[in-house]
Amino acid sequence: MIVAEAVGRALAARGVEAVFGVVGSGNFHVTNALIAAGARFVAARHEGGAATMADAYARMSGRAGVLSVHQGPGLTNALTGIAEAAKSRTPLVVLAGEATDRRSNFHIDQDALVAAVGAVAMRVTSGEEAWERAEEAYRVAVEERRTVLLSLPLDVQSQPCPTAPTAGSGPATGSAAGGDEGDLPLAAEVDALARLLAEASRPVFIAGRGARHARRELEALADRTGALLATSAVARGLFRGSPWDLDVSGGFATPLAAELIAGADLVVGWGCALNMWTTRHGSLLPAAGQVVQVDLDPAAIGVHVPVDLGVTGDTAAVATALTGLVPAAAGYRSAAVESRIRAEGRWRAVPYEDQGDSGRIDPRTLTIGLDDLLPAERVVAVDSGNFMGYPSMFLDVPDENGFCFTQAFQSVGLGLATAIGAAVARPDRLPVAALGDGGALMGAAELETVVRLGLPMVVVVYDDEAYGAEVHHFGPHGYPLDTVTFPPADLAAIARGHGFAAVTVTREADLGGVAEWLKGPRDRPLLVHAKVTRDRGSWWLEEAFKGH
């Protein structure tokens with residue numbers, strides 16, 4: 001056994017089931033070793049897409065993601081996706097060949113490159129340590145929830161491994177859900193939060209990425225204390241089905257959710273950064289109330305907003321400890337509040353004036369129509385841009401595994417790859433990719449990947465023929481917009497050229513083409529080219545620009 005084979009076998013033995021990438025000479029053998037050991041290889045058309053696919057797969061499967069790339073340019077091509085994963089604390093192992101000879105065209109400082117975007121750099125330096133180093137990279141990714149680069153120097157990959165791997169060592173599976181016994185909080189911090197909960201008459205819980213595994217525990221504590229339930233965007237759907245679910249807090253919050261959250265006397269963020277997006281620049285936090293943040297990472301507490309109390313520990317463990325300490329209370333819950341949530345708790349219940357015209361459809365009308373047509377069991381992936389609030393607000397999701405939001409780096413162009421990774425993780429659901437025209441064209445190489453994988457995906461392109469965020473940010477001030485506006489492109493024809501079915505939508509009646517596709521056989525993916533209104537920016541983006 002050689003080093004490349006040992007690394008692949010070691011990761012497969014830890015439970016890796018899928019690896020995403022683009023294969024070159026530097027990662028050829030390690031990728032084949034993973035395949036030989038039982039992992040599925042998903043070939044992307046670009047390393048940037050592969051990185052985001054692996055990230056989304058990890059988020060939706062609860063397992064560690066694996067990315068395999070060539071040395072040098074293979075790694076640099078993947079860097080934006082690696083940055084997104086690192087910022088999101090996605091458990092991801094990046095396997096990359098490495099040219100250590102400075103005379104090589106492929107030589108770069110790979111450690112410095114990934115460290116710059118927040119990933120952890122590791123390396124295999126000999127046959128003797130290959131298996132151990134692969135296991136350590138995996139352990140750091142899963143247990144510390146980090147994105148890890150494991151560099152595989154070309155002159156080391158072919159070295160023999162003198163010893164066989166040790167059976168049964170390391171973690172048994174790829175689970176990255178959290179909630180280990182070692183994540184228990186300090187008793188003094190729990191007692192302090194218990195006192196605040198007992199004193200609160202209008203508590204609100206906001207759950208983030210770090211609480212996606214803790215629905216049962218958080219709902220039990222909320223039932224005990226009378227708390228209302230909300231999430232950050234990345235945890236959207238976590239409390240779906242609860243009569244006290246306010247959906248998303250922040251820029252995507254309904255008017256009712258914003259009113260009730262701002263009216264709380266205690267807000268507890270559970271595994272949630274409480275950043276400017278989730279708190280609307282702090283305006284949703286109670287001016288005269290208390291703010292608490294519960295997080296596994298003590299360094300994350302109080303980074304974005306001042307907090308009155310920080311509790312370090314796993315969210316599920318903290319919630320469980322508290323449930324036995326606090327007295328039962330009605331809290332924020334009343335028949336009147338429940339009735340208002342039922343009547344006003346979703347964006348589609350908020351009245352609006354349709355702004356569509358003869359050639360363009362209002363994106364709200366478009367998205368509500370799609371929400372009515374598409375099966376409820378769906379996984380929605382959203383790209384970045386002026387359009388992004390519409391699918392995030394108006395397309396409902398069944399639970400926290402129905403929404404994949406790769407937005408920690410705010411990069412345009414990750415949406416289609418996000419949908420592919422989510423689809424691989426959740427083959428039981430209809431994948432829906434919501435893209436702007438800019439992001440669709442950036443990621444167009446992966447349209448072929450969707451077709452090749454046979455994914456019954458619906459790709460919706462909100463086309464305003466511009467980078468709309470920039471148009472609406474700079475346009476009102478009289479700046480020229482030639483650099484951010486474009487002539488029309490026939491995106492439906494582009495999709496058909498890759499093997500998609502496609503429909504162009506300029507009015508609500510055109511959605512009949514979507515209904516026909518849904519009848520079956522769905523043997524080709526569908527692209528919906530929606531020409532949307534563009535006279536003004538979305539209201540949530542106007543709010544977001546206050547931070548720029």
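## Working through a predicted model

The buried residues of α1 pack against α2 (28-36), β4 (92-98), α7 (130-143), β6 (147-153) and α8 (154-157). This is a predicted model, where local features need pLDDT of at least 70 and side-chain atom pairs need 80 or more, while totals for chains, interfaces and linings use all residues. Residues are numbered from 1 along each chain as its sequence is written, and side-chain values use heavy atoms, with hydrogens and water left out.

**Exercise 1. Find out how well covered α1 is, and which of its residues are buried.**

Step 1: Sort out the labels. Helices (H or I, at least four residues) and strands (E, at least two) are DSSP runs, numbered from the N terminus. Buried means under 20% relative accessible area, exposed means over 50%, and partly exposed is in between (1.4 Å probe, protein chains only).

Step 2: Go along the helix. In α1, the buried ones are V3, A4, A6, V7, G8, A10, L11 and A12. That's 8 of 11 residues, so α1 is mostly covered.

Step 3: See what comes next. Just after α1 sits G15, with a positive phi of about 110 degrees.

**Exercise 2. Compare the salt bridges E17 with R63 and E217 with R216.**

Step 1: Know the rule. A salt bridge is a side-chain nitrogen of Lys or Arg within 4 Å of a carboxyl oxygen of Asp or Glu. The model has 35 of them by this rule.

Step 2: Take E17 and R63, whose N to O distance is 3.8 Å. E17 is in the loop between α1 (3-13) and β1 (18-21), and R63 is in the loop between α3 (47-61) and β3 (65-69), so this pair ties together parts 46 residues apart in sequence. E17 itself is partly exposed, at 46% relative accessible area.

Step 3: Now take E217 and R216, at 2.9 Å from N to O. Here E217 is buried at 13% relative accessibility, but R216 is exposed at 63%.

Step 4: Look for bigger groups. R236, R240, D245, D247, R346 and D396 are linked in a network of salt bridges.

**Exercise 3. Describe the surroundings of R429.**

Step 1: R429 is found in the loop between α17 and β15, and it's buried, with a relative accessible area of 7%.

Step 2: Find its charged partner. R429 forms a salt bridge with D399, their closest N and O atoms being 2.6 Å apart. The two sit 30 residues apart, with D399 in the loop between α16 (389-394) and β14 (403-404). D399 is buried too.

Step 3: Check the backbone. A polar atom of the R429 side chain lies 3.2 Å from the backbone oxygen of N401.

Step 4: List the neighbours. Contact means heavy atoms within 4.5 Å. Leaving aside neighbours within four places in sequence, R429 is in contact with E377, R378, V379, P398, D399, N401 and G402.

**Exercise 4. Work out what lines the largest cavity.**

Step 1: Define it. On a 1 Å grid over the protein atoms alone, a cavity is a set of points where a 1.4 Å probe fits but cannot get out, and lining residues have an atom within 4 Å of a point.

Step 2: Count. There is 1 cavity of 30 Å³ or more, and about 80 Å³ of space lies in the largest one, a volume being the space filled by probe spheres set on the points.

Step 3: Name the lining. It includes L416, L435, V459 and L527, and α21 (491-498) gives the most, with 3 residues.

Step 4: Sort by type. The lining has 12 nonpolar residues, no polar and no charged. Ala, Val, Leu, Ile, Met, Phe, Trp, Tyr, Cys and Pro count as nonpolar, Asp, Glu, Lys and Arg as charged, and the others, Gly among them, as polar.

Note on methods
1 Å grid on protein atoms, 1.4 Å probe; cavity = no way out; pocket = protein on both sides within 12 Å on 5 of 7 lines; lining within 4 Å. Polar contact = N/O pair within 3.5 Å; in protein donor to acceptor, adjacent residues only side chain to side chain.
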